[in-house]
Amino acid sequence: DNACFTDFEGSNGEKQTITYSQAFEYIQNLAKWLIENGIKKGDHVAVTGKNSPEWAIAYLATMFASATVIPIDYALRETETQNLINASEPKIIFVDEEKYETIKNANPKAKIVSLSPKKDENHIYNLKPSTEVAFNEPVTPEDNAVILFTSGTTGVPKGVMLSARSISSNVQFARDHIPAAPTDRLLSILPLAHIFGQIFDFVYPFTCGCHVNIFT
């Protein structure tokens with residue numbers, strides 16, 4: 001019941017907090033919803049949006065479903081975002097409200113899920129399986145967990161495949177060298193779509209039970 005994620009996106013900038021038990025319930029429900037909607041081990045699921053607890057829940061639920069996360073920088077232009085979607089071919093796309101309709105119209109074959117409560121009926125916290133669903137086969141350490149696209153500074157962006165071992169080894173390094181505890185609070189300000197912010201502002205403190213305060 002410790003605080004897990006807090007943002008400041010409530011009315012009048014009020015803070016909103018979910019506990020670890022709430023986060024676990026959201027992750028489990030969303031993972032089973034993904035599986036019920038056709039996601040199999042190794043399938044691609046894209047996440048593009050502002051930093052938020054919902055972004056983190058979508059990332060973790062995708063991993064619970066043994067699928068591969070495709071984080072896409074929300075600051076990219078629409079054409080750049082669409083190029084990365086075309087290259088990665090996700091079956092499901094999590095997106096914030098500003099680009100929701102644009103991405104939905106451009107990708108009729110993919111299911112589009114809202115990271116924002118402004119799309120209440122399709123908000124990730126409200127998605128649950130309609131029947132009992134079994135989890136997919138677990139990933140191995142060598143299976144792809146994340147595909148990150150390079151910035152494309154010197155050419156076309158390239159997808160970098162990161163295995164589950166790549167993610168867990170960085171988390172273990174942080175746990176060995178940067179001690180953290182459930183009594184600690186962390187301010188997450190780096191883009192979660194970038195690997196440094198993803199691992200050290202989110203995944204690592206999450207594994208330590210820290211209270212992660214997320215700023216957009």
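This report covers the pockets, a surface patch, selected backbone angles and the salt bridges of one predicted model.

## Basis

In this predicted model, local features need pLDDT of at least 70 and side-chain atom pairs count only at pLDDT 80 or more, while totals for chains, interfaces and linings use all residues. Residues are numbered from 1 along each chain as its sequence is written, and side-chain values use heavy atoms, with hydrogens and water left out.

Helices (DSSP runs of H or I, at least four residues) and strands (DSSP runs of E, at least two) are numbered from the N terminus.

## Largest pocket

A pocket is an open set of points on a 1 Å grid over the protein atoms alone, where a 1.4 Å probe fits, with protein on both sides within 12 Å along at least five of seven lines. Lining residues have an atom within 4 Å of a point. A volume is the space filled by probe spheres set on the points, which are joined across faces, edges and corners.

The largest pocket has a volume of about 390 Å³. Its lining has 17 residues, and Leu 76, Leu 84, Phe 149, Thr 150 and Ser 151 lie nearest the centre. α3 gives the most, with 4 residues. By class, the lining of the largest pocket has 11 nonpolar, 4 polar and 2 charged residues. Here Ala, Val, Leu, Ile, Met, Phe, Trp, Tyr, Cys and Pro count as nonpolar, Asp, Glu, Lys and Arg as charged, and the others, Gly among them, as polar.

## Second largest pocket

The second largest pocket has a volume of about 340 Å³. It is lined by 19 residues, and the closest to its centre are Asp 7, Glu 9, Gln 16, Glu 54 and Pro 117. The elements β1 (3-7), β2 (16-19) and α2 (53-64) each give two or more residues to the lining.

The largest share, 3 residues, comes from β2. The lining of the second largest pocket divides into 6 nonpolar, 6 polar and 7 charged residues.

Phe 8, Leu 187, Ile 189, Leu 190, Ile 195, Phe 196 and Phe 215 make a nonpolar surface patch of about 630 Å². Such a patch takes residues with over 30% relative accessible area and no salt bridge, and joins nonpolar side chains (Val, Leu, Ile, Met, Phe, Trp, Tyr) within 5 Å; like charges are joined within 9 Å. Accessible areas come from the Shrake-Rupley method with a 1.4 Å probe, and for residues only the protein chains shown count as cover. Buried means under 20% relative accessible area, exposed over 50%, and partly exposed in between.

Ile 189 lies in the loop between β9 (185-188) and α6. At 56% relative accessibility, Ile 189 is exposed. Ile 195 belongs to helix α6 (residues 195-207) and is partly exposed at 36%. The helix itself is mostly covered, with 10 of its 13 residues buried. Among the buried residues of α6 are Phe 200, Phe 202 and Phe 206. Gly 209 follows α6 and has a positive phi, near 75 degrees.

Most residues other than glycine have a negative phi. Ser 66 has a positive phi of about 65 degrees. Ser 66 sits in the loop between α2 and β4 (68-71) and is buried, with a relative accessible area of 4%.

Glu 89 also has a positive phi, near 50 degrees. Its place is the loop between α3 and β5 (92-95). Glu 89 is exposed, at 61% relative accessibility.

## Salt bridges

A salt bridge is a side-chain nitrogen of Lys or Arg within 4 Å of a carboxyl oxygen of Asp or Glu. The count comes to 10 salt bridges. One of them pairs Lys 32 with Glu 132, the closest N and O atoms being 3.7 Å apart. Lys 32 lies in helix α1 (residues 20-36) and Glu 132 in the loop between β6 (111-114) and β7, so the pair ties together parts that are 100 residues apart in sequence. Lys 32 is buried at 19%, whereas Glu 132 is exposed at 71%.

Asp 96 and Lys 50 meet in another salt bridge (3.2 Å, N to O). Asp 96 is in the loop between β5 and α4, and Lys 50 in the loop between β3 and α2, 46 residues apart. Asp 96 is buried, at 4%; Lys 50 is partly exposed, at 25%. Salt bridges that share partners join Lys 50, Asp 96, Glu 97, Glu 98 and Lys 118 into one network.

How values were computed: Buried < 20%, exposed > 50% of the residue type's maximum accessible area, 1.4 Å probe, protein only.
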